[in-house]
Structure formats: C-alpha cells, structure tokens
Amino acid sequence: MTAIRPYSIRTVLEWRLTLGSISVLAVGGLTLYAVMRVALTAEFDADLLSKARALAAVSRAEPDEPGHVEFEAAAEALTEFLPRTSPNYFQIWFDGHDWVVARSGSLAGEDFPAERPAHVDADGSAVMDVALPDGRAGRAIWLRTIAFPEEVSDPLTGAIRTTNPIPILVAVATDREAVDRPLRIVATALLALGVAMGLGTVVIVRLCLRRGLRPLARLGSAVGALDVSRLPAGLAIENVPAELEGMRDRINELLGRTSAALERERRFSGAAAHELRTPIAELLSLLDVRLRWPESEAHCIASMREARTIGEWMAEIADTLLRLARSQHAATVACPDPTPLAPVVRKALERVSQSVAQKRLHTNVDLDPAAACSVDPGSLGSIVENLLSNAIIYTPAGGTIDLVVRAHEFAIRNAPVDLTESDLLHMFEPFWRKDEVRTSITSGTLHVGLGLSIVQSLAAQSGGEISAVLDSSDAGTRLSVRVKWPR
C-alpha cells in the first residue's frame, strides 16, 4: 500500500499566494496593455480620418464639367505621400466605380494595396490593418464622402454656376509603427516589471508566511515537547495570534482532561494493587505459618478453609474489576421492551435483608407498581443492588434508607452520612471511600469502593444519568442518589 505523503500548509499557501499574485499581476498587465492598445489605435485612426477628410476637402466637383472631380491639393501638402522611404498612400475613386480621381505618387501608378471594405461605420468610414506595398505593416481607412462643387460666376452675366455634389471614396494608408512602437515599449516594460514583481512576490510571500506561521511552529514545538509522565496544566505560550487562541485553549482543555484521566488511572492502579495486596499478604502469611508449624489435620483443614475464604475475597475483587471494565467499554444498548422496576427492587431488598437487619436499618419504600424503564434486567439489577449496598455500608447502625421508584427513575436516600460537598466530586471514582480503610467486610458484604463506579458506567451504557446531592436537616446530612432514564 502506497503511503500518502503529508502536505505542508506553508508550501500550499506559498504556491497559492504566489500563483494568485502573479495571476493578478498578469491580468492587470494585460488589461493595461489592452487599454493602451485601444487608446493608441483610436488616436491613430482619428489621425487617419482627419487625413482622409483633408484629402476629400480638396476634391472639388467642376461646374464647367459636370461629373468631373478636380483634385486641387498643393504639392507641399502631399510630401508624406511622395515616393520616399516609408511613404504614406492614398487613392480617391468615384464612389461605386473604379474610376480613379487621384492617387498618391508613392503608389507609382498602381492601385491602392487593399480591397474596398464591404461595410462602413455610421460616419461613413471603415478602418482595417493592411500590408503596404513595401511590405510594412500598415493601417488603412476608407471614407465615403462628397466632393462639393465650386461655385463659379459668369463674367458676362454675373450668374453663379454650380453642379450637384459627387460621391467619392477616399482611402488612406500609413505605417503602423506609430502604434506598434509604443505598444512594444509598453509590452517590454510590463513584461520586465511583471518578472521583477513576480520574483519579488515569491520572496515576500515566503518571508511573510515564514514569519506569520512562526507562532504555529512554536505551538507545535510546545506540544511536541510535552512529557506524558508529567503533563502540565497548560501550554506556557503567550502572545499567540487571535487565530491560535482557540487552538491553544482547546489543547489546554485537552491537557487538563488528560491529566485528570491519567491521575485517575494512577489512583486506580495503585488502589487496585493495594486492594489485592491485603488478601495476598494474608494468604501468604497463613501458608507460611502452616508450613513452618504443621499441626494436626484439623488445623490444616481450618487453614485451608480460611485460605479459601481469602481466595473468594480475591475472586470477588477480580470479578468486580472485570464488571467495571466491561461496563466502561460497552456500547450503549437500548432494551426493546421496558423492564418493570418493582420486581427488581424487591429482589434486591431480599438479597440485602440480612445486612439491613444486622445494622438495624429502617427502610422506607415508595414504589410505583407501574414504573418501568428501557434497560435490560441484568444491568438494572446491578444498578439497584450496588446502590443499596453502598447505602447500607455508609449508613450507620440505626439509620434510615428511603427508596423512591417512579416511572423511568430510581432514587435512594440514606441518613445520616458523614459526607461533604467535596466528597461528591470523588464518589464515582473507582476505589474511593470516605474512610482510609482499604478493604473491609462490613455486615458480611465486601466493600472495595467500586459499586458507584459500576452504577455510573451501567447507567451511561443504558442511556441514563446518575446524580448525587446532599441536604441537611435536624436528623443530619442525607445523601440522595438518583438514576434517571429517558422516557
């Protein structure tokens, strides 16, 4: 399987910002070039149009010769159209005919070097690029206009003689160098400027990104330097950008949760080892005594029975730890059919009745016969029995235990208890107990401090919620633990 190479955010940003900046520069340069090209071409075409109109203005319809047009331009005005190096060209026709009125000397008797346009603009002109006779790139304009007649007075009668205007077609062509040369200079300048700005953009983008991503690198270095065995309360990073404050805060929150979880695991491991250490030490002491001072068969049998009791004690601790591990890693399971609470509570009360009698506890049961919840009977029974066992252990002799069973809810209250509000924060932790005694058998019931942890895991597994509160009265402090499932 081919491994996917990780990509670099900085590299991606460098490429995208550089390409984006260069694209913007390229579009801006092309736009500027296009605007200048249009402006220069429009100015060049306007100059061509003025030349064509000037040639049309010196073309007069002769009143003495109807249908005849006389070209009356002065020779000094036609210098640019004479045969020379890089001349301009013009030709005038009767519009709609091939009859030539006049042509420039630069044409040397040849026809104009381009075909007449099929369409003209609203002002009667048409402009296009052409190839000049000497091979240069040129631009030509055709102008449809009128040769106005020249008024002449009769010397004998004094009458004014004139004739009708004659439509003519004027064509002028000149070298495009006046447009192309500035455009070449502009294109060269824009290209050089674009290359320089592109290289500058690459350097600036890399420097800015390297500097801008430095806080992210510091954050990564700080996270990479964390020691799992000594996690700090938070990352000691100040003056982070606003964009990284949220990430830093989330990491600090994660560190807090991880530190708390590791501390709980350490306490759990130490407590579990301590819980098992006591019965193992008792078992080893018992065996050492019997091996050193073997006595009668009756004493050996008694020692074996005591060893069996210790083994059962250890097995109970192991089973409890196994149930806790299974409940913590099990997926949420919903029971398709509601389980009645009343039979489960009655059965649990029967199992602890001996312990209740031994401690002379008073039990008050407020039971709704119709109460039920969508929890499998095994989990529900474990929840109720563990809550009852915990209440019996922490209730002193002669105390009171109240059970309230309602639809989707089971609550147990015991009083008086020697607990504080700070104790509620640790009640559901494995192996936690108010006293310092690690393992004890109180009223025949093994107490290893795992009951409420199992209850919490099973409640969460079945979609329920568990809560514990303390309230004080004249009778003392009362602990209320409630498990509630959704309807």
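Buried means under 20% relative accessible area, exposed means over 50%, and partly exposed lies in between (1.4 Å probe, protein chains only). The model here is predicted: local features need pLDDT of at least 70, side-chain atom pairs count only at pLDDT 80 or more, and totals for chains, interfaces and linings use all residues. Residues are numbered from 1 along each chain as its sequence is written, and side-chain values use heavy atoms, with hydrogens and water left out.

**Exercise 1.** Classify Glu-253 as buried, partly exposed or exposed, and find which side chain meets that of Glu-253 in a salt bridge (a side-chain nitrogen of Lys or Arg within 4 Å of a carboxyl oxygen of Asp or Glu).

*Solution.* 
- Step 1: Glu-253 has 39% relative accessibility, so Glu-253 counts as partly exposed.
- Step 2: The partner is Arg-250, at 3.0 Å from N to O.
- Step 3: Arg-250 is partly exposed too, because its relative accessible area is 47%.
- Step 4: Helices here are DSSP runs of H or I with at least four residues, strands are runs of E with at least two, and both are numbered from the N terminus.
- Step 5: In general, an α-helix has 3.6 residues a turn, so residues three or four places apart point the same way.

**Exercise 2.** Work out which residues of helix α6 are buried and which are exposed.

*Solution.* 
- Step 1: In α6 (residues 341–351), the buried residues are Leu-341, Ala-342, Val-344, Val-345 and Ala-348.
- Step 2: These residues cover an arc of only 165° around the axis, so they sit on the same side of α6. The arc is that of the directions from the helix axis to the C-beta atoms.
- Step 3: Glu-350 and Arg-351 are exposed, on the other side of α6.

**Exercise 3.** Trace the salt bridge between Arg-176 and Asp-129.

*Solution.* 
- Step 1: Their side chains meet at 2.9 Å, N to O.
- Step 2: Arg-176 lies in the loop between β9 (166–175) and α2, while Asp-129 lies in strand β5 (residues 125–131), 47 residues apart.
- Step 3: Arg-176 is buried because its relative accessible area is 6%, whereas Asp-129, at 45%, counts as partly exposed.
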